[in-house]
Amino acid sequence: MITKFQVALKNLQRKKIRSLLTLIGIALSSWVLVSLLGFNHGYETALNKDVDNMGFQLMIMAKGCPYEAATMMLKGGTGLRYMDESIMKDVAKEPEVEKVTPILMTAVFDPNKGESGGIAGYFGIEPNSFAEMKPFLKFKQGGWFTDTTSYEAVMGFEAAELEQREVGDMILMPEKNVEFKVVGILERTGTQDDGTIFIPLKTTQKIFNRPAEITTIGIKLLKGVDSGRLEEKLYQLPDVQIVSLAQVKETIMKLISTAKVMVLSIAIIAILIAMVGVINTILTSVWERFQEIGILKTVGAMPWDVFKLIWIETLILCMIGGVLGIVMALILARVTDMVIRSILPYAPGGGLVLIDLKLIFITLAAIIGIGLLSGIYPAWKAGRIRPLEAIRGDVG
Amino acid sequence: MNENGVSIATTNLTKVYARGNEKVISVNNVSFVIKKGEFVSIIGPSGSGKTTLINLLGCLDNPTAGGIHLHGRSIFGNGKRLSERELTKIRRETFGYIFQNFYLIPTLTVMENVMLPLTFYSKTGTENGAYNLLKLLGMEHRKDHLPGQISGGEMQRVAIARAMVNMPEILLADEPTGNLDTKRSEEIVQILRDLNRKVGLTVIMVTHNQQLARYADRMFEMRDGGIYQIDSDRDCVNEELA
């Protein structure tokens with residue numbers, strides 16, 4: 001016996017180009033939808049990972065724009081401000097604080113970076129407190145510096161790959177013409193640490209002529225403490241600003257919300273266009289088969305049978321289009337990632353477009369739901385065709 | 001009315017159409033009885049109401065007045081109108097249809113076209129009927145062909161197989177040879193005659209071809225919406241064949 005599904009499928013094959021164009025329309029909207037949802041999900045996940053992997057919940061920085069400072073911390077950059085490292089001792093005394101770590105962020109111009117040179121970030125750190133803040137850091141080779149005044153370096157995974165260095169190799173700090181011995185290479189973390197070169201704090205202060213100065217204090221809080229109260233107390237310290245990473249997260253999410261709204265609008269427009277395309281294709285196909293549909297009723301099809309037949313055609317188009325769109329989104333996720341990265345003012349490390357199984361099912365369900373909705377009118381029209389009118393050829 | 005052996009009967013069947021402000025009586029007070037297993041042909045000039053009558057008989061349309069009895073059961077009567085759903089139910093249980101234009105689905109093979117009615121409704125025992133019908137009509141070698149790959153005569157054979165697949169009690173044929181040459185026309189009518197004789201199928205055929213109409217047991221002529229039985233002692237092809 002021939003099933004309604006087979007009849008519907010064969011009908012779609014009748015006008016191949018038209019069916020193909022409709023499929024492309026559905027696939028494109030499915031691609032946009034899944035990429036958008038994947039971006040929403042991926043960006044938040046990547047940002048959370050980036051912020052959480054910093055290992056601390058609060059940062060103290062010299063006064064300036066707090067968001068610029070936070071971005072610098074996450075992304076690296078120039079235009080740094082400095083504070084006295086003695087502040088660290090006052091901060092560590094606070095009862096809410098579990099650990100503190102000093103960081104001296106520095107940036108030099110590396111003429112060999114990229115096509116026309118670029119900024120290379122060197123973080124002066126104290127290995128003991130820094131490593132305690134970031135227990136997830138694992139070494140691919142070697143380990144931390146032997147002391148805080150040595151000329152040794154620990155390279156992030158990507159930095160080592162870019163510079164093609166291994167433990168025991170020397171690296172030259174551009175501008176300052178100082179050589180460091182690579183003593184450790186970190187495993188990939190998917191964060192900004194991958195592109196960073198860590199050097200001892202004291203050595204950094206000496207090279208950059210910033211004795212007893214630092215740019216940042218990372219603060220890890222005790223579990224369950226009220227960070228708001230601590231922030232209030234820390235604001236009493238002169239010439240510093242407190243950056244809560246929860247606020248940073250929130251602010252960055254707010255900044256990209258405009259981009260999200262724009263992409264969402266594009267997705268909705270794409271879906272509406274696809275819907276109109278589906279309605280047009282199926283409706284045209286119904287009018288073209290006016291007599292055939294009438295004959296189906298003559299040979300025993302009930303109005304609901306015809307409705308289902310037309311609806312199945314819509315369902316087939318939407319399912320194939322939806323799956324194609326999802327496959328496109330998966331294949332082109334990296335390209336989408338790169339495009340979004342080039343548009344956004346700040347993008348965290350790791351994949352920005354995260355497409356998981358749940359998202360795939362949600363998108364497919366949405367596309368099929370929209371398709372079925374689009375199919376209602378043509379299917380209803382087809383179900384109402386009277387066989388007598390069809391045989392007479394009274395199209396309308 | 002003695003209902004024994006009656007396949008379909010009409011009483012004062014009337015259909016009036018509105019053409020602008022004018023009312024056209026297409027079928028006018030038609031009453032006749034067709035027995036089970038009878039082969040009846042209806043002839044008449046264009047516009048005489050033949051097709052309207054066969055559409056009413058086949059429950060493709062509601063009459064304006066009068067009634068139809070199917071095996072003694074009243075279908076329309078006392079001005080009762082049936083919904084499309086009710087009409088479909090009667091159609092698929094009782095009738096098989098063939099038309100001048102065959103109306104095969106071009107994307108389905110011959111076999112699939114024949115099986116199409118079973119997709120929507122299937123009487124018990126019809127599951128393997130499609131192939132047997134094609135074989136009976138000499139079309140089994142064409143079962144995998146598309147309608148566009150076979151001749152007009154073959155297409156009408158396929159349409160007959162499709163009409164027969166659900167074992168209807170009455171086969172309605174509206175100008176079944178209208179698109180065929182003389183030789184193929186005779187072949188098709190002969191097939192209808194054979195089905196009528198071998199299976200005991202009631203056949204009602206509308207045609208403008210008097211020669212083909214004479215294959216029937218009884219001949220009616222329609223004029224201006226009225227129906228008249230042609231003299232029964234005419235030369236009957238069936239009698240000649242017998």
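The contact between the chains takes 24 residues from chain B and 24 residues from chain A. Two residues count as in contact if their C-beta atoms, placed from the backbone, lie within 7 Å. On the side of chain B that touches chain A, the elements giving two or more residues are α2 (84–94), β6 (95–99) and α3 (110–120) of chain B. Here helices (H or I, at least four residues) and strands (E, at least two) are DSSP runs, numbered from the N terminus. The largest share of that side, seven residues, comes from α3(B). By type, the residues of this side of chain B divide into twelve nonpolar, five polar and seven charged. Ala, Val, Leu, Ile, Met, Phe, Trp, Tyr, Cys and Pro count as nonpolar, Asp, Glu, Lys and Arg as charged, and the others, Gly among them, as polar.

This is a predicted model: local features need pLDDT of at least 70, side-chain atom pairs count only at pLDDT 80 or more, and totals for chains, interfaces and linings use all residues. Residues are numbered from 1 along each chain as its sequence is written, while chains are lettered from A and ligands numbered from 1 in the order in which they are written. The predictor gives the complex an ipTM of 0.84 and a pTM of 0.70.

Now the sheet. Six strands of chain B form an open sheet in the order β6-β7-β8-β3-β9-β10, with mixed pairing. Two strands pair if DSSP finds at least two bridges between them. The edge strands are β6 and β10 (226–229) of chain B, and each pairs on one side only. From one strand to the next, the twist averages 20°. Strands β3 (residues 39–43) and β9 (residues 218–223) of chain B run parallel, paired over four bridges. Ile42(B) has Phe220(B) in β9(B) as its bridge partner.

Helix α1 (residues 50–57) of chain B packs on this sheet. Helix α1 touches β3, β7 (170–174), β8 (202–206) and β9 of chain B, and its direction makes about 150° with that of β8(B). Axes are lines fitted to C-alpha atoms, for helices over the stretch in contact, and angles run from 0 to 180 degrees between N-to-C directions.

Next, a hairpin. Strands β4 (residues 65–70) and β5 (residues 73–76) of chain B run antiparallel, joined by three bridges. His69(B) stands opposite Ser74(B) in β5(B). Two residues lie between the strands, and His71(B) takes a positive phi near 50°.

Last, confidence. Over residues 235–242 of chain B the pLDDT is below 50. Beyond near neighbours in sequence, this stretch has eight contacts in the model.

Methods: pLDDT = per-residue confidence, 0-100.
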